[in-house]
Amino acid sequence: MINNDESVIQVFARVPQEGKVKTRLIPVLGTVVSTQLYRNLLTGLLERLKHLPEGLQVELWMDSSEALVEEQMQWGEYAFPVFIQEGESLGERMLFSIRSGLQRYKQVILVGSDLPELGVQECVEAVRLLSNWHDLVLGPTFDGGYGLIGVNSCHKELFTNINWSTEKVLSQTLIKAEQLRLSVALLSCLYDIDQAEDLKRFQYLLPII
């Protein structure tokens with residue numbers, strides 16, 4: 001039996017500021033288009049998550065500083081509560097968000113914001129796997145990382161000494177999970193959009209300027 005009220009989907013995102021998002025694509029697309037592309041990815045994900053099963057909660061975790069809180073109000077149309085990430089490194093920020101979620105829910109599924117193929121099916125499957133004796137669920141990406149991580153307890157080791165934004169992220173995380181003796185489930189591999197070659201598959205997401 002799966003109780004959706006016990007689970008939360010946390011969308012880990014950046015405020016779409018020019019020059020601050022999709023920086024590896026700026027040499028190819030320029031600052032304005034790269035920013036709009038990221039906005040399209042984020043809003044597309046939020047639109048898809050509006051169709052999650054009843055009871056499955058969604059939170060939006062932004063990297064905003066206090067000066068940018070006002071800009072976040074644009075996301076209010078999705079009626080998802082907005083939280084602010086805390087921590088210096090990516091791992092620290094992810095750990096903070098997950099710890100916060102586990103204080104309010106039994107299961108936390110943290111997802112990235114640049115995965116055009118991620119949606120309701122992957123999130124529901126992660127909830128199901130966590131409800132069926134798995135300690136850790138990962139949604140791998142084709143570049144060697146992951147775009148989804150689901151847990152029902154907090155393990156700091158999963159977020160420390162990881163070479164973030166490299167092809168080693170998934171393998172290093174799996175090694176940590178094995179050391180912790182966690183039961184791991186992997187979802188189907190997903191594409192994210194970080195490099196110029198990724199754009200060929202998802203040209204329909206490019207904004208028309």
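This is a predicted model: local features need pLDDT of at least 70, side-chain atom pairs count only at pLDDT 80 or more; totals for chains, interfaces and linings use all residues.
User: OK, sheet first. What's the strand order?
Analyst: Seven strands form an open sheet, ordered β3-β2-β1-β4-β6-β5-β7, with mixed pairing. Strands (E, at least two residues) and helices (H or I, at least four) are DSSP runs, numbered from the N terminus. Two strands pair if DSSP finds at least two bridges between them.

User: Which strands sit at the edges?
Analyst: β3 (82-84) and β7 (184-186); each pairs on one side only. From one strand to the next, the twist averages 20°. Axes are lines fitted to C-alpha atoms, for helices over the stretch in contact, and angles run from 0 to 180 degrees between N-to-C directions.

User: β1 and β4: parallel or antiparallel?
Analyst: Parallel. Six bridges join β1 (residues 7-13) to β4 (residues 107-112). Gln-10 stands opposite Leu-110 in β4.

User: And how does β6 pair?
Analyst: β6 is antiparallel to β4 over four bridges, and antiparallel to β5 over five bridges. Val-151 of β6 stands opposite Val-108 and is also the bridge partner of Leu-136.

User: Is β6 mostly covered or mostly open?
Analyst: Mostly covered: six of its six residues are buried. Buried means under 20% relative accessible area, exposed over 50%, partly exposed in between (1.4 Å probe, protein chains only).

User: Which helices pack on the sheet?
Analyst: Helix α3 (residues 90-102) lies across β1, β2, β3, β4 and β6, at about 155° to β1. Helix α4 (residues 120-130) touches β1, β4, β5, β6 and β7, and its direction makes about 150° with that of β4. Contact means heavy atoms within 4.5 Å.

User: Switching to backbone. Where are the positive phi values?
Analyst: Among them is Gly-144, near 95°, in the hairpin of β5 and β6, which has five residues between the strands. Ser-165 is near 65° and is not glycine. It lies in the loop between β6 and α5. Arg-181 is near 60°, again not glycine. Arg-181 is in the loop between α5 and β7.

User: Ser-165 and Arg-181: buried or exposed?
Analyst: Ser-165 counts as exposed at 60% relative accessibility. Arg-181 counts as exposed at 77%.

User: How many salt bridges?
Analyst: Eight. A salt bridge is a side-chain nitrogen of Lys or Arg within 4 Å of a carboxyl oxygen of Asp or Glu.

User: Which pair links distant parts of the chain?
Analyst: Lys-22 and Asp-194, at 3.0 Å, N to O. They are 172 residues apart: Lys-22 is in the loop between β1 and α1, Asp-194 in the segment after β7. Lys-22 is buried, because its relative accessible area is 11%. Asp-194 is at 15%, so it counts as buried too.

User: What about Arg-128 and Glu-125?
Analyst: Their side chains meet in a salt bridge at 2.7 Å, N to O. They are three residues apart in helix α4, so about one helical turn separates them. Arg-128 is partly exposed at 34%, and Glu-125 is partly exposed at 27%.

Note on methods:
Residues are numbered from 1 along each chain as its sequence is written. Side-chain values use heavy atoms; hydrogens and water are left out.
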